[in-house]
Amino acid sequence: MSRSTGRAPDTGWTDPDCPVARTLDLVGDRWSLLVIRDAMDGARSFTEFRRRTGIARNILTDRLRKLTAHGLLAQRTAPSGRRQEYVLTDAGRALFPVILTLRQWGERHAFAPGEAHSTLVDRHGAPVPEFTPITTDGTPLDADTTHVQKIR
């Protein structure tokens with residue numbers, strides 16, 4: 001069973017032993033991550049996700065179904081009682097560092113110097129500081145200071 005969803009593991013994984021490949025199988029297309037991004041920013045309804053992303057109805061329906069089936073989003077009755085809304089689960093909220101890292105990479109590499117872009121701020125309105133993974137002793141980690149330990 002998958003620890004995060006309580007479901008049996010998918011047998012069609014791209015690379016069954018690699019956590020990166022499995023994650024990409026779940027959320028590796030741009031629409032899935034944009035839906036997660038918008039859910040983190042308060043989107044709840046099909047209409048809101050569609051308006052924010054511009055995604056086609058059929059693709060949005062597919063992504064919402066997939067993200068719900070894999071336990072990243074959950075459906076619940078909206079406070080109005082008239083429709084269903086989508087909310088992040090703990091597994092969906094756990095993607096925050098991924099979204100943050102993609103955002104910060106984009107700020108550095110996807111915009112020309114001085115080009116305007118949105119900014120992520122904390123609850124006090126201060127820009128979120130640069131995210132840097134560190135070791136237990138505080139040393140920064142990067143591709144040169146880590147390696148993958150393969151299973152045997």
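View 1. V35 touches F49, L60, L64, L67 and L73, residues up to four places away in sequence being left out; contact denotes heavy atoms within 4.5 Å. The model is a predicted one, in which local features need pLDDT of at least 70 and side-chain atom pairs count only at pLDDT 80 or more, while totals for chains, interfaces and linings use all residues. Residues are numbered from 1 along each chain as its sequence is written, and side-chain values use heavy atoms, with hydrogens and water left out. The largest nonpolar core has 18 residues, of which V35, I36, F49, L64, L67 and L73 touch the most other members. Such a core is a set of buried Ala, Val, Leu, Ile, Met, Phe, Trp, Tyr and Cys residues joined through side-chain atoms within 4.5 Å; buried means under 20% relative accessible area, exposed over 50%, and partly exposed in between (1.4 Å probe, protein chains only). At least two residues of this core come from each of α2, α4 (57-69) and β2 (84-88), and α2 supplies the largest share, five residues. Helices (H or I, at least four residues) and strands (E, at least two) are DSSP runs numbered from the N terminus.

View 2. Strand β1 (residues 73-77) runs antiparallel to β2, and five bridges join them; strands pair if DSSP finds at least two bridges between them. R76 stands opposite E85 in β2. Six residues lie between the strands of this hairpin, in which G81 takes a positive phi near 80°. Four of the five residues of β2 are buried.

**View 3. The buried face of helix α6.** Helix α6 (residues 96-109) has 14 residues and spans 20 Å from its first C-alpha to its last, close to the 20 Å expected, a value given by 1.5 Å times one less than the number of residues. I99, L100, Q104 and G106 of α6 are buried. These buried residues line one face of the helix, because they fall within an arc of 155° seen down its axis; the arc is that of the directions from the helix axis to the C-beta atoms. Their cover includes α2 (30-40). Q104 has a relative accessibility of 4% and is in contact with V128, P129, E130 and F131, neighbours within four places in sequence being set aside.

**View 4. S45 in the loop between α2 and α3 (46-53)****.** S45 is buried, at 19% relative accessible area. A polar atom of the S45 side chain lies 3.0 Å from the backbone nitrogen of E48.

Terms used:
A polar contact is a pair of N or O atoms within 3.5 Å; within protein, one must be able to donate a hydrogen and the other to accept it, and residues adjacent in sequence count only if both atoms are side-chain atoms.
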